[in-house]
Amino acid sequence: MATKRSFPDSFIDEDPQKALETLNEALQGDSDNAEWFCQRAYAHILLKNYSCAANDAKKAQQLQPSLPLAFMRTGIAEYHLNHYESAHAAFTQGHQMDVSDNSFEIWIKRCEEMMGETTQNGSVNMTPAVPPVKHDWYQTESQVIVTVMAKNVPKDGVCVNFMEKELSATIQLASGENCNLHLHLLHPIIPQQSNFKILTTKVEMKMKKTDAIRWEKLEGEGQESNIKHFDPNQYPSSSHYTRKWDKMVVDISEEEKNEKLEGDAALNKLFQQIYTDGSDEVKRAMNKSFMESGGTVLSTNWKDVGKRKVDVSPPDDVELKKPMDSKGN
């Protein structure tokens, strides 16, 4: 009989980031486990990902409304987000379920103190509303791509959870505010093969399709009878007008190509680009010069290298040693 996996607080305390990765993997196989959502919320709290923690804790509440720990995690996350009334409500509800846990009373008092200070400052729970997330989507044969238009997002300011039929993301804007995005996907995806990328003008989330079918829309309940094979000339999306999707894919590729690299990586990328964009003569010249010179010469001039053998030409500060003959000379 298989032993049920558990993730105690001590396991998460030891290495919150590792615990988070382990829980992500576990929840991909069992997305209805309220206790695991609670523990992932705890990992997020330790990592100060409070919006993600609140999302996970609220998910645990939905799955198991009688679980006091879900309300504790929710309250702590909301408290750190300065949502004191929401935190107070969560702690109060959790305390009603478990009157023996005195920690609920401590947190309730903290919330009341903070709400009292807010009232004295003349703004009763005037927490600024979280701005809506502007997002768009398109698809290829193998992926569904969701883009959130947000400039200059910090590299550590994005938290994304890919589930089989859900996408949950918290994005920290340049202003310091957090935006939340939660989607109930039309069809299943493969979370392990999905990823996200932070660019200068947006955050891009790529979800791997389980089947090469055309999504009629991003969210909802997919009907088997309506499933169609993917047609690259028809890209359903959130837009209400026709787009040149091939051009959009090219534009995204251009933006990725323009990402700044340094040192050898930048040089290798330059050579790769020259080879990719070059004519057949350029490619022949590069291959011939590189092979004949032992990797010391790279020429794009076929008229020059095509009629001669390209000699080895090491850098000035490198001494070329000739191989010894059979007599050791």
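This report describes selected structural features of a predicted model.

## Strands 1 and 2

Strand 1, spanning residues 135-139, is mostly covered, with four of its five residues buried. Strand 1 and strand 2 run antiparallel and are joined by five bridges. The two strands form a hairpin, with three residues between them. Within this pairing, glutamine 139 has valine 144 of strand 2 as its bridge partner.

## Nonpolar cores

The largest nonpolar core has 25 residues, of which Val146, Leu167, Met205, Met207, Trp215 and Leu218 touch the most other members. Two or more residues of this core come from each of strand 2 (143-148), strand 3 (158-162), strand 4 (166-172), strand 5 (178-184) and strand 7 (203-209).

Helix 10 covers residues 280-292, 13 residues in total. From first to last C-alpha the helix reaches 18 Å, close to the 18 Å expected at 1.5 Å a residue. Its buried residues are Val282, Ala285, Met286, Lys288 and Ser289. Glycine 294 follows helix 10 and has a positive phi, near 65 degrees.

A nonpolar patch on the surface is formed by Leu270, Phe271, Ile274, Phe290, Met291 and Leu298, which together have about 560 Å² of accessible area. Helix 9 (263-277) and helix 10 each supply at least two residues of the patch; helix 9 gives the most, with three. Phenylalanine 290 is found in helix 10. This residue counts as partly exposed because its relative accessibility is 42%, between the limits of 20% and 50%.

## Salt bridges

Side chains of opposite charge can pair when their charged atoms come close. In this model the count comes to eight salt bridges. One of them joins arginine 40 to aspartate 56, with the closest N and O atoms 2.7 Å apart. Arginine 40 lies in helix 3 (residues 34-46) and aspartate 56 in helix 4 (residues 50-63), so the pair ties together parts that are 16 residues apart in sequence. Arginine 40 counts as buried at 2% relative accessibility, and aspartate 56 counts as buried at 3%.

Lysine 206 forms a salt bridge with glutamate 204, the closest N and O atoms being 3.8 Å apart. Glutamate 204 counts as buried, at 1% relative accessibility. Arginine 214 and glutamate 216 also meet through their side chains in a salt bridge, at 3.4 Å from N to O. Arginine 214 is buried, with a relative accessible area of 9%, whereas glutamate 216 is partly exposed, at 35%.

Note on methods: Residues numbered from 1 in each chain as written. Predicted model: local features only at pLDDT ≥ 70, side-chain atom pairs only at ≥ 80, totals over all residues. Heavy atoms only, no water. Expected span 1.5 Å × (residues − 1). Buried < 20%, exposed > 50% of the residue type's maximum accessible area, 1.4 Å probe, protein only. Core = buried A, V, L, I, M, F, W, Y, C linked by side-chain atoms within 4.5 Å. Pairing = 2+ DSSP bridges. Patch = residues over 30% accessible without salt bridge, like charges linked within 9 Å, V, L, I, M, F, W, Y side chains within 5 Å. Areas by Shrake-Rupley, 256 points an atom, 1.4 Å probe, with all protein chains shown as cover. Salt bridge = Lys/Arg side-chain N within 4 Å of Asp/Glu carboxyl O.
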